[in-house]
Amino acid sequence: MIYIFAFSLIYTMIKLKDQLLSAYRNLILFLFLSIIGLTLGIVYVINPYLPSISAMLEKYMK
Amino acid sequence: MNKELSFRQIAYMYVFVSISPILRQIPRALAANAGRSAYISPIWSIFLLVPITAIIIGILKAFPGLNIYEIMIQLVGIFLAKLLVLGYLLWILVSIVAKVSIYSLTLQSTLMPQTRTNFFLITLIILISYALLRGIKTVFRFSEFTLGTILVIFVILFLCAVPRIRMDYLLPISTIHLMDTIIASINVIAVGGNIVLVLFFADKLGISTTKKQKQKLWMGVLVFVVLAFFVSLITIGITGAALTADLPFPFYITVKSLSFFNLLERFEVIVTLICVLSDFIAICVFTIIIVRCFEWLFNLKQKSFLYAPLTMILYYLTYYISKSQFEFDFFYSNVMIYANLIFQYLIPVLLGFLSLFKMNKIKKQF
């Protein structure tokens with residue numbers, strides 16, 4: 001799935017380049033969100049069995 | 001101003017979005033907290049739902065044609081408004097992820113136990129992309145057209161359920177459990193507070209709104225409470241409080257035992273379908289809101305570039321938030337309910353109070 005998402009990000013970047021380059025904040029926001037998404041994806045691909053946020057909360061709240 | 005949405009559509013959306021938690025989470029949570037008296041809890045929720053609806057209608061009346069962000073700018077200034085929008089953005093983000101998570105868990109625990117989560121997520125992404133491509137109005141009109149049929153199905157289900165209700169599962173109600181039912185009503189209140197979503201679309205309702213139009217919101221709240229009451233009553237009355245508290249989707253199990261004059265059976269498939277439709281609309285509406293929050297927060301003029309990275313974040317966050325029904329239940333009852341109370345009640349009430357204090361200044365502007 002990460003390859004499909006990476007492709008969709010590149011496709012968006014090419015297709016909406018005018019929109020992204022029209023305002024500095026558009027490009028920064030797009031890159032910021034893309035980096036968060038890619039980081040989440042890469043971490044999940046490396047270790048899909050990481051404990052979930054709920055599991056961690058449960059561990060520390062009980 | 002061109003009216004993109006009507007109060008009726010907003011009220012229908014509110015009921016539609018609330019259906020899946022009413023069927024899935026409310027009966028279980030109420031039974032776990034208040035036992036056999038739990039079905040009374042939706043009645044207590046009226047005492048908080050009525051004031052919050054009145055506050056929202058009051059805000060809509062004081063700021064005609066303005067959305068929640070513009071209202072917050074008027075009341076608390078740009079900096080605090082942006083901070084609150086950031087809070088709403090994070091809340092909606094977590095709400096979408098929770099909805100996507102429970103959507104796939106529902107399908108896995110009912111109709112498609114062998115199917116992997118990513119199949120549901122990919123299908124959902126495609127369906128939501130298609131719905132959002134058609135525009136915001138399509139999503140609202142879908143709930144407007146479908147809700148009537150769904151309510152008729154519920155009436156049939158309730159009629160079929162009446163002969164099977166065991167009175168010993170519901171009575172006697174003891175005053176000792178009264179406090180438990182009041183505390184348990186927090187679960188109903190946290191869902192009913194979705195009425196606050198109206199404020200996000202308030203700029204699309206037009207400037208001139210009549211009293212009759214605003215009554216649609218009251219009707220929405222009434223339908224919500226009645227639905228929550230009857231679903232809890234039937235679930236506890238047929239399945240029993242002890243079993244309801246332990247099952248992940250008690251209404252599904254309850255409906256399994258029902259038949260319509262021995263002619264029609266297997267209503268559980270319809271119930272699952274209703275839940276899936278409700279989740280679909282909720283995710284669509286939340287996606288629209290999250291994109292609007294980004295627009296407000298960063299003063300964006302274009303928004304199309306947000307969809308691809310946001311989809312990716314939401315997809316992977318779904319795996320990070322919870323991996324099983326137990327984890328989801330823990331997350332919902334310990335995080336989501338309290339977050340809902342803050343963003344659905346606390347902030348709108350503060351905005352309502354501030355608008356009261358600044359009433360004279362506001363009246364000069366509008």
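## A friendly note on a two-chain predicted model

1. Let us begin with a pair of helices in chain B. H3(B) passes H12(B) in a right-handed crossing. Please keep in mind that this is a predicted model. The two helices, H3 (residues 41-62) and H12 (residues 211-239), pack at an angle of about 165 degrees, and their axes are 11 Å apart. Angles over 145 degrees count as roughly antiparallel, so H3(B) and H12(B) are described as roughly antiparallel to each other.

2. Which residues meet where H3(B) and H12(B) pack? From H3(B) come Pro42(B), Ile43(B), Ser45(B), Ile46(B), Leu49(B), Thr53(B) and Ile57(B). From H12(B) come Lys214(B), Leu217(B), Trp218(B), Val221(B), Val225(B), Ala228(B), Phe229(B) and Ser232(B). Sorted by class, this contact has 11 nonpolar residues, three polar ones and one charged one.

3. Ile46(B) deserves a moment of its own. This residue sits in H3(B) and is one of those that meet H12(B). Is Ile46(B) buried, exposed or partly exposed? It is partly exposed, because 17 other C-beta atoms lie within 10 Å, while a buried residue needs 20 or more and an exposed one has 12 or fewer. Ile46(B) also shows how a fold brings together parts of a chain: Ile46(B) and Val226(B) are 180 residues apart in sequence, yet their C-alpha atoms are 10 Å apart in space.

4. Now turn to H6 (residues 117-133) and H15 (residues 267-298) of chain B, whose axes come within 10 Å and cross at roughly 60 degrees. That angle makes H6(B) oblique to H15(B), and the crossing is right-handed. On the H6(B) side the contact uses Leu124(B), Leu127(B), Ile128(B), Ala131(B) and Leu132(B). H15(B) answers with Phe280(B), Ile283(B), Cys284(B) and Thr287(B). Eight of these residues are nonpolar and one is polar, with no charged residues.

5. In H4 (residues 68-76), the buried residues include Ile68(B), Tyr69(B), Met72(B) and Leu75(B). Just after H4(B), Gly77(B) takes a positive phi of about 90 degrees. Asn299(B) has a positive phi too, of about 50 degrees, although it is not a glycine. You will find Asn299(B) in the loop between H15 and H16 of chain B, where it counts as exposed because it has 9 C-beta neighbours inside 10 Å.

6. How many residues of chain B are in contact with chain A? There are 24 on the chain B side, and they touch 26 residues of chain A. H16 (307-321) and H17 (325-357) of chain B each supply at least two residues of that side. H16(B) gives the most, with 10 residues. By class, the chain B side has 17 nonpolar, five polar and two charged residues.

7. Finally, look at chain A. This chain has four helices and zero strands, following the pattern α-α-α-α along the sequence. Its radius of gyration is 16 Å, well over the 11 Å that the globule rule gives for 62 residues, so chain A is more spread out than a compact globule. The C-alpha trace spans about 50 × 25 × 10 Å along its principal axes, and buried residues make up 19% of the 62 residues. For one example, find Ile28(A) in H3 (residues 24-46) of chain A. Ile28(A) is exposed, since 12 other C-beta atoms lie within 10 Å. Ile28(A) and Tyr11(A) are 17 residues apart in sequence and 17 Å apart in space, C-alpha to C-alpha.

Methods: Residues are numbered from 1 along each chain as its sequence is written. Chains are lettered from A and ligands numbered from 1 in the order in which they are written. This is a predicted model: local features need pLDDT of at least 70, side-chain atom pairs count only at pLDDT 80 or more; totals for chains, interfaces and linings use all residues. Two residues are in contact if their C-beta atoms, placed from the backbone, lie within 7 Å. Ala, Val, Leu, Ile, Met, Phe, Trp, Tyr, Cys and Pro count as nonpolar, Asp, Glu, Lys and Arg as charged, and the others, Gly among them, as polar. The radius of gyration is taken over C-alpha atoms; the globule rule is 2.2 Å times the number of residues to the power 0.38. Axes are lines fitted to C-alpha atoms, for helices over the stretch in contact, and angles run from 0 to 180 degrees between N-to-C directions. Angles under 35 degrees count as roughly parallel, over 145 as roughly antiparallel, 65 to 115 as roughly perpendicular and the rest as oblique. A crossing is left-handed if the near helix is turned anticlockwise from the far one by less than a right angle, and right-handed if clockwise.
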